[in-house]
Each structure stands twice: as C-alpha cells, then as structure tokens.
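Biologist: Please show me the model, and then let us go through it by question and answer.

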Amino acid sequence: MARAFLVVLDSVGCGGAPDAADFGDAGANTLAHIAQACAAGRAEVGRSGALRMPNLDRLGLGAAIRLASGVDAPGLGVTPAGLWGAATEVSRGKDTPSGHWELAGVPVPWDWTYFPTTEPAFPPDLVAEVCRLAGTDGILGNCHASGVPIIAAHCEEHLQTGWPICYTSADSVFQIAAHEEAFGLDRLLNLCADLAPTLHARRVGRVIARPFTGSCGDFKRTANRRDYAIAPPAPTLLDWVAGQGRMTHAIGKIGDIFSMKGVGKLHKGRSDADLFEHLVRLGHEAEAGSLTFANFVEFDSLYGHPRDVAGYARALEGFDANLPRFLATLRPEDLAIFTADHGNDPTFPGTEHTRERVPVIGTGLGLRPIGLCAFADVGASVAAHLGVPSFSPGVSFL
C-alpha cells in the first residue's frame, strides 16, 4: 500500500505571488535571491560559490522557480526528472498556520487579527489578562519586534522584575519570551497555554512561548519553544487519513500547527538535524498507507528572520546533501513532496515573512510537470495518492 511524505521547508518560497504587492512584498523571491547572492560572492560565510542543491534541482527545483517568478536561479536549472511545479496561496496571510492548513486542504476562511505597529501594541484588557495569568504587575516589550533584539533590550529588567517579555510581528501572533530558570519553563508554557483561548477568540493565530537561558550578555533561545495555534477551521489532510484508520506521523512543529488534530504519532527534536533523522527513520519504518508530514523550521527561524543569506544558503545545501539518505528509503509505490508554506527572503527589507509562491517538487511518479497549482491541490493530491477521500476545494494534480 502506498505511503506519502509531505515535507515543508519552512519559508523556502520562490517568488511570483500575484498579490505580493498587497503585502508589501513585490519582488520578493527567497530561493532566487539566495542563489543570485551566492553566485555573486555575497554569501561566503561557511560556504562558497554558487548555490548547490543538485538533488532537489534534479527533481525540478530550478524549473519551479522559473515557472513561479520568471527568474533564473544561478546554479539551479537542470532538466527536471521528477514532479515539479509551483503553488499559489489564497488565504489572506503569509504565516505558518495559513500556509500549512491550506497545503493540507483547508484555506483559511477568515481574516486574521493583527496588532497595530503602535507602542503599546496590545490593548489594556489583554495586558491585564497576561498579568493576571502570570501573577505579575506588568509586562515588558508590548510592541512589534524580532525575538533576539527584544530579549537583549529587556533581559535585565525581566530578570529583576520577573515580568514576561511580550511582543508581536507582522504575523497574527502573540509571543512571550522568558528565562527558563528565573521565570520557569513550565510557568511560561502554562502561561501561553492559558492565554491561548483568549487570543484565539480574537482570531489571533498563535501564542508562542520563546524560552531562553544564559546571562543577559550571552543568552540563547532554546529548543523548548512551543506554538499554541488556533485549531484548523475544518478537517485537514491529517484528519482525512486518520479517519480511514491509517497512521499519521507529525515531525517537528506539525503537531503544534494543527493542534494535534489528526496526528497519530509526534516526532520532535532539538534541531532540524534531529528532525531529519526522524524523516530517514520513518522512511524505513512508516506503515503502509501512512502519511508523514514534516516541518523543517530553521530555514525560517535561524536564517530568514535574521536576514542571514549565507546561513540560509548553508541550510539549503545541507538539507539537499542529506536528501539521498531519505530518498534511498522510499519504496516503489511511495510519494514524497517537498514544498514550503510562505517565503522569508533574507535579501528583502525588514525581518518578516514574504508573500511568495512556493515550489512543489516530488519523487515517486517519474517526470510529471504540474504547472501552477493551488496550495490546496497539494493536500488533495496526497489524499488521492493514498486513496483516501478528500474534502478540499483543491484538485489533485496526480
């Protein structure tokens, strides 16, 4: 019985979104701009030369970039041998839940709530609720910010007062940073879990716990991050597969993104390297008829938001270099699809996600150009491959 592996390389977009200008992202192209920077010698830290991703390129990565945006990515562009195309999102967001839910067959039917760029960013009643749940007299931050700079700015005061550091971004998100020892990891996780229903009722997509350790001059965010996401508005690909009595495996953030709905077994790790080992192991071990759904977040979190072009290139090349280990585990009837949930162009102004099309690259069906498709078509196609009913507006491209 066929198996399916749906692998999301978080934020690895390929430009060309027809509504990019509506989001202030006209011209953003994560993959093409990284490839151009590498070819021009502007990404030489820890690596050198043109972007090297021969395994995904052989399946059709370079061709997908060209299809999505009309842009050539230097170093990518061999004749495709796999399933290849590019997907366009319809949900009105460029965030993690919107992208993943729509890939899993469920476009977001509502407009997300975003916090204003004013300071303070949060309404008084929400601040009061955070203080009540945290048992503090106030919060720190209360603005739009990136995680590392705001921790650096408020670390000393956080350790002195015990007040949580609260911030947001261009996404529909409420983030709380706190020291694992001084504030307490369990206390932080409980605070976020208790606050999440209030934010979800306001259509804020996620409450994120951002723990850190160390001294203020040398702190590190830890792998104990937790996302408390609003539940999908309808059954997703995970539910369709589980509803047919099949096993579903979730690697990385998938359990958080889907509020564990439809997840049979969860496989977590402290890094993307750990998660890749889970992917290889499940390539060997996953049950016949099962779905493995994986998210590799470090492209986005470690390199996209900090605008680290060389780091992003290293991560892409490292994933691609490891890929044959996973591909060697696949059985003749298996389908593996590699895609993304949005962009995060490290050459683009700011620190936020970018609205882009995403590549859809696959192996298991031989050469199959699928052209431009919808995000929801990915979930419908995986369901078709597994032989389970789809309840998606998407159309299978198989």
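This is a predicted model: local features need pLDDT of at least 70, side-chain atom pairs count only at pLDDT 80 or more; totals for chains, interfaces and linings use all residues.

Modeller: Residues are numbered from 1 along each chain as its sequence is written, and side-chain values use heavy atoms, with hydrogens and water left out.

Biologist: Where does UniProt place the feature "binding site"?

Modeller: UniProt positions are in the numbering used here, with feature names shortened, and annotations may be inferred rather than shown by experiment. According to the unreviewed UniProt entry, the "binding site" is at Asp300, His305 and His353.

Biologist: Which of these residues does the lining of the largest pocket include?

Modeller: On a 1 Å grid over the protein atoms alone, a pocket is an open set of points with protein on both sides within 12 Å along at least five of seven lines, the points being those where a 1.4 Å probe fits; lining residues have an atom within 4 Å of a point. By that criterion, the lining of the largest pocket includes Asp300, His305 and His353.

Biologist: Why does His353 count as buried?

Modeller: Buried means under 20% relative accessible area, exposed over 50%, and partly exposed in between (1.4 Å probe, protein chains only). His353 sits in the loop between strand S12 (335–339) and strand S13 (358–363); helices (H or I, at least four residues) and strands (E, at least two) are DSSP runs, numbered from the N terminus. His353 counts as buried because its relative accessibility is 2%.

Biologist: Is His305 buried or partly exposed?

Modeller: His305 lies in the loop between helix H11 (298–304) and helix H12 (309–327). Beyond its neighbours within four places in sequence, His305 is in contact (heavy atoms within 4.5 Å) with Asp300, Asn344, Thr351, Glu352 and His353. With a relative accessible area of 22%, His305 is partly exposed.

Biologist: Which residue places its backbone oxygen 2.9 Å from a polar atom of the side chain of His353?

Modeller: Residues up to four places away in sequence aside, His353 touches several residues, among them Asp25, Lys94, Asp171 and His342. The residue whose backbone oxygen lies 2.9 Å from a polar atom of the His353 side chain is Lys94.

Biologist: In what order do the eight strands of the open sheet run?

Modeller: Strands of a sheet pair through backbone hydrogen bonds, either parallel or antiparallel. Two strands pair if DSSP finds at least two bridges between them. In this open sheet the pairing is mixed, and the order is S10-S9-S11-S1-S12-S13-S2-S14. The edge strands, each pairing on one side only, are S10 (265–267) and S14 (368–374).

Biologist: How many bridges join strand S1 to strand S11?

Modeller: S1 (residues 4–9) and S11 (residues 291–296) run parallel. Within this pair, Val7 stands opposite Ala294. The number of bridges joining S1 to S11 is six.

Biologist: Which helix packs on the sheet by touching S1, S9, S10 and S11?

Modeller: The helix in question spans residues 272–285, and its direction makes about 165 degrees with that of S11. Such axes are lines fitted to C-alpha atoms, for helices over the stretch in contact, and angles run from 0 to 180 degrees between N-to-C directions. The helix is H10.

Biologist: How many residues of S12 are buried?

Modeller: S12 pairs with S1 in the parallel sense over five bridges, and with S13 in the antiparallel sense over three bridges. Both faces of S12 are covered, with Leu335, Ile337 and Thr339 buried on one side and Ala336 and Phe338 on the other. The number of buried residues in S12 is five of five.

Biologist: With which side chain does the side chain of Thr88 make a polar contact?

Modeller: Thr88 is in strand S2 and is buried, with a relative accessible area of 18%. A polar contact is a pair of N or O atoms within 3.5 Å; within protein, one must be able to donate a hydrogen and the other to accept it, and residues adjacent in sequence count only if both atoms are side-chain atoms. At 2.7 Å, the partner of the Thr88 side chain is the side chain of Arg357.
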